[in-house]
Each structure stands twice: as structure tokens, then as C-alpha cells.
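Please open the model in a viewer and keep the selection panel at hand.

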Amino acid sequence: MASTILEMRNITKTFPGVKALSNVNLSVEEGEIHAIVGENGAGKSTLMKVLSGVYPAGSYDGKIIYRGQECQFKGIRDSEHLGIVIIHQELALVPMLSIAENIFLGNEHARYGIIDWNANEKRTRALLKKVGLNEDPKTLITNIGVGKQQLVEIAKALSKEVRLLILDEPTASLSEKDSQALLNLLLEFKREGITSILISHKLNEIHRVADHVTIIRDGQTIETLGKKDISEDRIITSMVGRSLDDRYPPREPSIGETVFEVKDWSVYHPLHAERQVIKGIDIHVRKGEVVGIAGLMGAGRTEFAMSLFGRSYGRRITGEVFLDGKPIDISSVSRAVEQGVAYVTEDRKMYGLNLIDHIKHNVTLANLDGVSRHNVIDDLRELDVANDYRKKTNIRASSVYQLTGNLSGGNQQKVVLSKWLFANPKVLILDEPTRGIDVGAKYEIYTIIARLAAEGRAVIVISSEMPELLGITDRIYVMNEGRMVGEMASTEASQEKIMRAIVRGEGKAS
Amino acid sequence: MSTESVPTPTGVAEDVQQKPRMAVSALVTNLREYGLVLALIAIMLFFQYTTSGTLFKPVNLSNLVQQNSFIIVMALGMLLVIVSGHIDLSVGSVAGFIGALAAMMMVIWPLGIFSNPLVVSIVCLIIGGLIGAAQGYWIAYHRIPSFIVTLAGMLIFRGLCQALLGGGSSVGPLPPGFKALSSGFIPELIGTWTLVPPTVNAAGKTIFGSGLSLQMTTVIIGIICVLASAFFGIRSRRTRERHGYEAEPFSLFLIKTVIMSALVLFLVYQFATYRGLPVVLVVMGLLIGLFVFVTKRMTIGRRIYAMGGNAKAAQLSGIKTERLTLLVFVNMGVLSALGGLIIAARLGQAVPAAGLGSELDVIAAVFIGGASAMGGVGQVVGAVVGGFIMGVMNNGMSIMGVNVDYQQVVKGLVLLGAVIFDVYNKNKA
């Protein structure tokens, strides 16, 4: 029986007016991978911040016992000193510095303040090899993808002689392939005796690597499951406090005529003029139909959607777009919106919301004409609209005057959806609509999507989560390397079929 | 943190629960909002005391308005620039250049009928707009940082201003009709009402305190303003309640209205005992009203805030961010030109140093008024009050005889203090 490396006992942490954690207990064994799951806002990140000293000793109640000793961390330095390293969801790398500089940032091999670059580079090479990243240590962070950046973060953790590695949703923005590589790395660390705590929303990943799962709900530990008890149903039930018989809302599609059609759509890269990103795509969507676009990260799905929507991406865009059989001009965002095309971005914080403004103003932004006369806004009508959508999409907030920056991911997504629903589009393109959202909120988003289709709109859903596509769409396009490589009815589709289409497509492309 | 985990109370329970809390929270948020006005009042009272009552003297109030109006006029444009996430360092130089141009057109160049002050003013405002467009073009469509573009503009237009005036000389005197823009008062249409007839003493001088008469046009305008604001305030409360939304507590509304009305009436009374409302105050008042309306009620105002808050999201919501940025700078150019005309009209001549350094006062006014350097946040009223805080401090310290060097130190400290207070407040919230 392995010894216990970490025990957190009766941790209680209060913020003004909110009890974020109440008597949480966590026990992690030496050398295991311990997963923590829970809905957004359940308290997972708070717990990890308590552990790593972001919230210093004294600001919470309870005990942390690490390797047999009670610890009182005053800051993140104290915990790192003992080998506890946390990798946050938002990566903390400096984009314009090199990999080596980032790894040893604040921790450089230096003498009298003069950096020994050779030593740094040598160490970096060794660390990169360990995490399986084949890059020059001098490469700038900004020039490598998110997946590789994640590996750099892990290399950085290793450089600090980590014994307990905490990863906060490490695979949230990674492709399937990168996620697998990362999980394999964790398993390898496990063999080397490094303990990991993995916070994740992706139950299949947990299933694959975790030895134990602790479920947190509403700031309380619900239960800890051993490997043999881990099952998706069990976890979900514990997470949401009710059993979700069906993860996808039932719907009866009533599909009509073709509403939206794209023909021979081609796009070139905005910087590398000779690189064709989208290669002659044809798609069509019918009234009341939910169409999915599957594909790996980097397949060009977002680029396709954004180039369609007011040419927000790319150069030398060619192709035709038809709405109700007539060619339409959607070469600027405002024209696209006027014609009834809406695009809900995959990155709601960067591209979807004004985080320093409240719900009301965000909801009406894409359709200010809908609440104004002669360009003068009718405040009360706007308030009615905002409250109406708040109710319709079940945005949980104290009022529509709450800043969107203070909402949880799921509620932020509902605000973005509300904004586009109020613009009353005929065609709605949803890009990763449930990314970083917990199970409960996902269901609500699916319900909204189903309702949109039932109202007779054409809906396109881009998603990296194949079960989600299989669960909510009527038809799935498979995209790879800028091409559509497959099309299938959802009833006949499966994850294997989609993957096969991708792989076959890869063969074709080369 | 846990907006999701807190279950939403539904139905009637929600309303009942929230009522007592509403009043308190409304008071707290309003206190923050009106903190700036309270600060201005406190500063005014302070200087009223230290200058032994000179500050509120009718003559001095008129001076105060005439000296600072150009800062406030330009601050209106600067607010939009800063809210949209940019900065304009060129406004002082543009004002100087336009003042010089106006003087040349009216005094030196043989333009015949086109040297008429009104024609010159209109032409100058248009040229101001073109200058704004020229700078805004590079900022909006070529994404050159506004700091750099307007820094260049600052150098260019100061140089042009000096070149236009032929080196170091000043050009004047400007025609009286033009000077009225700054030093004039609104014409008395109704007549004056003598409260205390002037008593002449043995030496043939009027005794202090006697000879009090009111400019009735000014008084009437003041009363109309107060009544109109009260009327619209009540009407908007009514409509809110009719729609089933709770308006702010009536007591708070009443206190606010009474205090603001008293303040306005007091100032109007002071002006009325002197020569009435300064023309420039009326111009400024109308502009403030217009900009409050544009920022609070019009779609273009909302779009500017959205753009400043998140330009990319605004663009993907169908807002033409480039054109909007250009318009913001055109607006700034026009207001800089108006500022330049006001400066020239007050001095009665164009001087090479007109408006020198005023861009800093203008920017300071906007930041004291609570705008964020990151964009997306800021209020017209805040910028105006910020401008008045700077103005009252200038004026009060001058009367007190504080050395000009130390006046700058004090202004700097107030700017820093105001922003620190703001940031502290935000972090606490």
C-alpha cells in the first residue's frame, strides 16, 4: 500500500459573502494520478490555490499535511520549494521570450546576476527531451502551438524538481492528439514516482489515467472513488447531484428545405500568402437541421467559419454563399448579421464578450437597432430584452447588471448565445459551444441548440468532442487539412467512422 | 466564483427579499458615482474658505468658467478617445494651430467677406475635423498606435502654429464679435430686476452690498433647466415603474434632485447678479448635454464603449470599428479646433504658445473623472467634473498666491490620488 503524500483536512475557505470551500478533505497517495472533478464554480481551483499557497496560510481554516508534515504556505514560493507545482489553465508563459528563457524565468542559472546561457540551454534540452518536445530551446513561445506550450509549462515544472504536479484542465484547449500525448506523459511521470493531481472536465481522460477521483460539488467533497469504481455515470451523478439519464436533450428534428449553402469556398492564410487554408469546401444546411463539423485541431474549422462570417479570417477568399437559394454578400460582419448569419466564437473571452460591461449591454450589442429608434436606445426595451433572454437561456446572475467578466464560463456562453439569438439569425454557426463548460451547463446549451433548430433555424456546430456531435446533430461533416473529407448522417456515424474519414483524408491530402 | 452554484430564487420570493437590500446597495453605488461631485464641492468649499470668499464671487465664477471652458470642451472629445482605448496628445497643438489660423484669416489675410468671425469659425471647425480625420486614418485603418500618431501631430501642429504666426510674434487684435465667444455674456432679453437699488454715498460711490440687480434672462434659463431636469427625472421614474422595474428609492432621488437644483440655482443666481451667463458657458453646457445624450442613449455611444471594452468582440458583433475610431478622432479634431477658438477669443489674439501643454490638463481631467486607460470605461459627467476640479484648483491656488511651480505639484498629486482611489475602489468591489 502506497503512503499518503498529501492530506488536506477540513479545508474551509470563505470569500466575502460566499463559502467557497466547506470542510473539504483530500487525500492523495504517493505516485498516483489523482483526478478532481466538479462543475465550474464547485471549488476545484480554489482548493488548488489553497494547496499551492496562492491563498496563504491563515486565510483559510483546516490543515495541509504534506509528506507527514503540516505545512503553512505563505506564498507560491513556499510550496514550490517543497516540490508542489501548479500549472494553471491559463498558461503563464511570456510569449516573446524563448522556451529556455521561460523555463528558467526567475530561476536562471546565473552567477552574480549574469546568466549562463549554455547551462540553461543544456538543461532545457534535457527537460524538453523528457517531455517529448522536439523544439530548439531558442524558439519563441509565440511561435509554438498551445499543445507545445503546455509541454513547456510541464518542463518548467520539472525544472523545479517537482514531486507533486497539479494540472488545472491541461487538455481544455488541446487537440485529441496533443491530449493523448500529455496523458501519456503523466503516466510516464507516474512510473518515475511523480504524483499528479489532474483537474479535468473530460471524463474519458480521467477514466484512462486516474487512480482515484475526488468529486467536489458546491464547495464540498462528495466522494473519492477508486480505480475500479470509476464510471462516467457515477461521476456525473455525483457531480451534478442528480442523475443525468440522458446527457443530450431529446429532440425530434423536422427538417425542411436547404437554407444555407456554401460552394467552392477557398481561403488563403492571412500572413503566408501562398498557403491555402481552406480548399474548395461545399456544405449545405437545411431548415431546422443541426449540422456538425468534426475534425482535429488545426483542421481549419474555425478558419472556415470565420472566413465565412464577414471575412474575419484570411485573404484571397473565393466562393459563393447562398441563403434560401439566392446568392448573398456576407463580406463584412455587419452585412452577414443583416443577412441573418451569426457566428458564436470558440473564444468567448477574447472574441465574444465585453467583459468589463454588464449582461444587458452584451446581449443587445449585435442588434442595437432592435432596441432603438433613430439610433436612440430605449433603455427599458433593452432591459426587457435582457431579462427575457436571461430567463430563456437561464443565465444565473444576480441581475442583468452583473459584469460578464464575473460570470462562470457556462453563463458567459449563455450571454454570447443570447446576443446572437437576439440578432435573430437564420443561420447560426456555433464554434465549440461547450468548451470549458461543466456538464450541467452543457445540457442547457444543448437544449438551446435543440430549440433553435425547432424554431426553424439552420445550425452548424463545430466541436472537437465527438460524442457531443453524435449526440446533438443530424448530420456531420468531417473536415481535415482544409478539406471536407466526409459527410454522414449522425444516426449512422460513430467516433470510429469519423476518425476513419480523417485518416483517409490525410492520405488523400499528401 | 459561485454564480453557478447559488440557486436562483424564483418568483415572488426574489422581489420581497431584494427590496430592503436594494435601497442600501443603490445608496452605496450612487455614493461612488457621486463621490467625484462631492469631491468637487469639498474642493470648492475649501478654496472658498482659504480665499476668504473670493472663489464664489460672481466675477470670479465668470473668470473660472472662461479660463477653463476650453479644457472641458476638449475633455468631451478626449473622453471618447480614451474610452475607445486610444489617446490624443495633439489636442493642445491643434488648438494652438487653429487659433493661429483663425487669427490670420481674420486679421492678416485679405479674405474680404470671408474674414467674418462666423465664417472663419466654421471653416476652422471643419479644418479641425480634417486634422482629426488625418490622424484617425492612420490609427484606425493602419493600426499605428495613437500615442505615436498624435505625438507626431503634437510636434507638427505646434510647429505649423509657430510658422503661421511668423516665428515668435502674436497676431491680433481679434475682432470684438469673435472675442464674444469667450468673454461675452448672453444678451439680456427680458431686462433686469433690481432687488436693492444702488445707494450712492457722499463720495459718489455705490455702497457695497447695495445695487443688487438680477439678469432675468439668466434666472429664467436657470429655472427652466432645473424644472426640466426634475420633470424628466420624475417621468423616467414613472415609466420604469410602469414597466414593473424598481426605480432608485424615492428619498434618494429627492435628495439628489434637491441638492443639484440648489447648486445650479445658487450658481445661476451668482451669474445673474453679475452680467448673466457667459456665452462660453452656454456653448459648453449644450455640448455637455449633447455628449451625455450620445454616450448614454445613442447606439454610436454604446458602440464606442463596446469597442473600447473589447475591440475584437465588437467587430465580430458587426460594429465597424475602423470607421468608428476614425469618427472618434474627427470629433476630437473638431473639439480641439473649438478649444483653439475659445483660447484665441479669450486672449484677444493668437500667440505661438496657445494651448501649450493643455493636452495634459485635458487628459488629466478625463482620468480624474474615472476613465480607464485600458478603454471601455469613463463618463462624460466624470470628465466634466474632473475638468472643473482642475480648474477650481488652478483658480483657487492662484488667488491664494500659491507659486505656479507648486500648483503643478498639487495638480499632479490630485491626479495620482484620484486614480489610486479609483483603482482601490474597483479592487474592493
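**First stop: a sheet in chain A**

Begin with chain A and select an open sheet of six strands, whose order is S6-S9-S10-S3-S11-S12 and whose pairing is mixed. Strands, like helices, are DSSP runs numbered from the N terminus (helices H or I, at least four residues; strands E, at least two); two strands pair if DSSP finds at least two bridges between them. At the edges, each pairing on one side only, are strand S6 (84-87) and strand S12 (220-226) of chain A. From one strand to the next, the twist averages 15 degrees.

This is a predicted model, in which local features need pLDDT of at least 70 and side-chain atom pairs count only at pLDDT 80 or more, while totals for chains, interfaces and linings use all residues. Residues are numbered from 1 along each chain as its sequence is written, and chains are lettered from A and ligands numbered from 1 in the order in which they are written.

Next, select strand S9 (residues 164-168) and strand S10 (residues 195-199) of chain A, which run parallel and are joined by five bridges. Opposite A:Ile166 stands A:Ile197 in S10(A). Two residues are in contact if their C-beta atoms, placed from the backbone, lie within 7 Å.

**Second stop: two glutamates in loops**

Where does A:Glu161 lie? A:Glu161 is found in the loop between helix H5 (146-159) and S9 of chain A. Although A:Glu161 is not a glycine, its phi is positive, at about 55 degrees. A:Glu161 counts as exposed because it has 12 C-beta neighbours inside 10 Å. (A residue is buried if 20 or more other C-beta atoms lie within 10 Å of its own, exposed if 12 or fewer, and partly exposed in between, with C-beta atoms placed from the backbone.)

Now move to A:Glu169, in the loop between S9 and H6 of chain A. A:Glu169 is not a glycine either, yet has a positive phi of about 45 degrees. With 19 C-beta neighbours inside 10 Å, A:Glu169 counts as partly exposed.

Colour chain A by its domain assignment: domain 1 (4-240), domain 2 (256-340 + 427-510) and domain 3 (348-424). Such bounds come from an automatic or database domain assignment. The C-alpha centres of domain 1 of chain A and domain 3 of chain A are separated by 35 Å.

Turn to chain B, which has 15 helices and two strands. Of its 429 residues, 40% are buried. Its domain assignment gives domain 1 (36-184 + 278-428) and domain 2 (187-277), with C-alpha centres 27 Å apart. Eight residues from domain 1 of chain B and six residues from domain 2 of chain B take part in the contact. On the side of domain 1 of chain B that touches domain 2 of chain B, helix H2 (58-83) and helix H9 (279-297) of chain B each supply at least two residues. H2(B) gives the most to that side, with four residues.

Select H2(B) with helix H8 (residues 250-273) of chain B: their axes come within 8 Å and cross at roughly 105 degrees. H2(B) and H8(B) are therefore roughly perpendicular to each other; angles under 35 degrees count as roughly parallel, over 145 as roughly antiparallel, 65 to 115 as roughly perpendicular and the rest as oblique. Here B:Pro58, B:Leu61 and B:Ser62 in H2(B) meet B:Leu267, B:Gln270, B:Phe271 and B:Thr273 in H8(B).

Then select strand S1 (residues 192-196) of chain B, which lies largely in the open, because zero of its five residues are buried. S1(B) pairs with strand S2 (residues 212-215) of chain B in the antiparallel sense over four bridges, and B:Thr194 stands opposite B:Ser213 in S2(B).

**Last stop: where the chains meet**

Finally, show both chains: 28 residues of chain B are in contact with 38 residues of chain A. Helix H7 (216-242), helix H10 (299-309) and helix H11 (311-315) of chain B are the elements that give two or more residues to the side of chain B that touches chain A. H10(B) provides the largest share of that side, six residues.

Conventions:
Axes fitted to C-alpha atoms, helices over the stretch in contact; angles between N-to-C directions.
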